[in-house]
Amino acid sequence: MSGPAGGRATSIPLMGRDEEPTVFELSSTGRRAWSFRTTGVPEWPEDELVPAGHRRDEPVPLAEVSERDLVAHFTRLSHRQYSVDLGAYPLGSCTMKYNPKLCDDVAAMAGLANVHPAAPVATIQGWLELLVELGESLCAITGMHSATLQPPAGAAGELTGLLLMRAWHRDHGEDATRRRVIIPDSAHGTNPASVTLGGYEVTTVPSDDRGCVDVAALRERLDTDVAGIMLTNPNTLGLFEEDILEIARSVHEVGGLLYYDGANLNAILGVTRPGDMGFDIVHMNLHKTFAVPHGGGGPGAGPVAVSERLARYLPGPCPVRLADGTFGWHAPDRSIGRVHSWHGNALALARAASYIVANGGDGLQQVSEVAVLNANWLRHRLRGVYDVPFDRPNMHEVVFSATNLKKARGLRAVDVAKRLLEEGFHAPTVYFPLIVDEALMVEPTETESPETVAALADAMERIAQDSADAAHDAPRTTPVGRVDEARAARQLIPTFDARRSGGAD
Ligand SMILES: *Cc1c(COP(=O)(O)O)cnc(C)c1O
């Protein structure tokens, strides 16, 4: 039920630079977007519901708006947004592929969505079967032995993996002596952060002139105080680490473990497996590779799969297939303990499971093949327009550099990114990996058609020929223009203060 008709009697342009007021500015005392049932509600002494000491003296200052105004407000905001449902989103390393609606339908099924996590095992056999089969699929895809589905994000999977690494070394009496984890200088920022959070020290290994781990430099850093190495393969330059078997051998020789940052799994599905490369621990970003909507904070899923010797340390309890064919729970005997309540972000897991089943093994292989094809096509098409620091066959993403444009006309990667917004594309990742000057990391993904990838290339070509002045002012056609990013980061104002509204902030 909605309250009285809305408080903002204007015609609403869908685009343009009109400021959208906050929902608090739309507020008008007494308006409501809901109405509670008033008949047949049992009387209950207030003190029994919430003891007096825990009750507010004054109501929370919430916005008071009608349902009609509320829906209009958020719909207007949604029209000012760019999204994967709207168009190409080539944000490198993030794998912003289109997410099939089928996966949403599955996650919305009442039998999955409405189940209480504490429901008796006999009543949730279907859910448990889905989780067990998802774990088995992920092990088959990565070449590992068993998995935990609990971690809710890639970074959470990383921390889980490092705790597994520590549990292993502790059981071998070496937790005190193995203090270092090696990470390449091209690594994602979460890797060193997770290493530190996991109680280890970071040792950086440089990349060689081919953009891969410098194996000689790695050997110099390997000793019996190394707990392990964290790698993503293909690495963040989109390049396959061709020396991976030698790297694995060298790390294992000194008693270290190999951790695979599986955020880039979209490049290798059905083609190669971390387990076959010698990795011991793998996390996967289901929200990247397996079509769970992400960006804006989740909910994601970062399951961790391990080789057989590490299975007993996994967070528990794990859903398992029992000898009699039914499903239940199993607590690994040397478990590091829970890393998430209940079963992790269960509906993100249901989406990923449905994506895997719908594609099948051959479909998943095709996903990676087309993702790699699109990214290589783009490199060929734009080489000569942008610098390509490592101009050899890439995997699912390609890293360009705007250094040539900076030297010639003062055009920087950030200008290219902002101009792309005007061209109707989401910006690529910029200034990452850190080892590439003026980096533009482009990941077209497999869900974009050849026409769309060609249109993206056309747009990037036009931008490269732009006058620097036009690019410096971009974006000029979006609801919000060029923002002062340094100021936005340093003077963060995360709350709305009615007294300040109307000011420049
Ligand atoms: C996205 C990403 C991560 C972190 O994943 P989150 O789910 O965002 O925590 C780690 N490593 C790489 C290479 C990534 O691209």
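A: One definition to begin with: helices (H or I, at least four residues) and strands (E, at least two) are DSSP runs, numbered from the N terminus. This is a predicted model, where local features need pLDDT of at least 70 and side-chain atom pairs count only at pLDDT 80 or more, while totals for chains, interfaces and linings use all residues. Residues are numbered from 1 along each chain as its sequence is written, and side-chain values use heavy atoms, with hydrogens and water left out.

Q: OK. Where is Thr-95?

A: Thr-95 sits in the loop between α2 (67-79) and α3 (101-108).

Q: Is Thr-95 buried or exposed?

A: Thr-95 is buried, with a relative accessibility of 0%. Buried means under 20% relative accessible area, exposed means over 50%, and partly exposed is in between (1.4 Å probe, protein chains only).

Q: What does Thr-95 touch?

A: Leaving out residues up to four places away in sequence, Thr-95 touches Ala-263, Asn-266, Lys-288, His-294, Glu-443 and Thr-445. Contact means heavy atoms within 4.5 Å. The side chains of Thr-95 and Glu-443 are also joined by a polar contact of 2.7 Å. A polar contact is a pair of N or O atoms within 3.5 Å; within protein, one must be able to donate a hydrogen and the other to accept it, and residues adjacent in sequence count only if both atoms are side-chain atoms.

Q: Now the ligand. Which residues are around the ligand?

A: They are Ser-93, Ala-153, Gly-154, Ala-155, Glu-158, His-188, Thr-190, Asp-261, Ala-263, Asn-285, His-287 and Lys-288. A residue is near a molecule if one of its heavy atoms lies within 4 Å of it.

Q: How do the residues of that shell divide?

A: There are 3 nonpolar, 6 polar and 3 charged residues in the shell around the ligand. Here Ala, Val, Leu, Ile, Met, Phe, Trp, Tyr, Cys and Pro count as nonpolar, Asp, Glu, Lys and Arg as charged, and the others, Gly among them, as polar.

Q: Where does the largest share of the shell come from?

A: From α6, which gives 3 residues. Both α6 (154-171) and α11 (286-289) supply at least two residues of the shell.

Q: Which ligand atom lies 2.6 Å from Asp-261?

A: A nitrogen atom of the ligand lies at that distance from a polar side-chain atom of Asp-261. An oxygen atom of the ligand is 2.7 Å from a polar backbone atom of Gly-154. For Lys-288, an N or O atom in the side chain is 2.7 Å from an oxygen atom of the ligand. The protein covers 86% of the 380 Å² of accessible area that the ligand has on its own. Accessible areas come from the Shrake-Rupley method with a 1.4 Å probe; for residues, only the protein chains shown count as cover.

Q: Back to Thr-445. What is its phi?

A: Thr-445 has a positive phi of about 65°, and it is not a glycine. Thr-445 is in the loop between β12 and α15 (450-465), and it is buried at 1% relative accessibility. Trp-342 also has a positive phi, near 45°. Trp-342 lies in the loop between β9 (327-330) and α12 (346-382) and is partly exposed at 43%.

Q: Next topic: cis peptide bonds. Which residue is joined to Pro-317 by one?

A: Gly-316, with omega about -10°. Pro-317 lies in the loop between β7 (304-306) and β8 (318-321). The bond from Phe-432 to Pro-433 is cis too, with omega near 0°.

Q: How many salt bridges does a search of the whole structure find?

A: The search finds 32. A salt bridge is a side-chain nitrogen of Lys or Arg within 4 Å of a carboxyl oxygen of Asp or Glu. One of them is between the side chains of Arg-312 and Asp-333, at 3.0 Å from N to O. Arg-312 is in the loop between β7 and β8 and Asp-333 in the loop between β9 and α12, so this pair ties together parts 21 residues apart in sequence.

Q: What about Arg-462?

A: Arg-462 forms a salt bridge with Glu-423, and their closest N and O atoms are 2.6 Å apart. Arg-462 is in helix α15 and Glu-423 in the loop between α14 (413-422) and β11, 39 residues apart, so the pair links distant parts of the chain. Salt bridges that share partners join Arg-419, Glu-422, Glu-423, Arg-462, Asp-466 and Arg-476 into one network.
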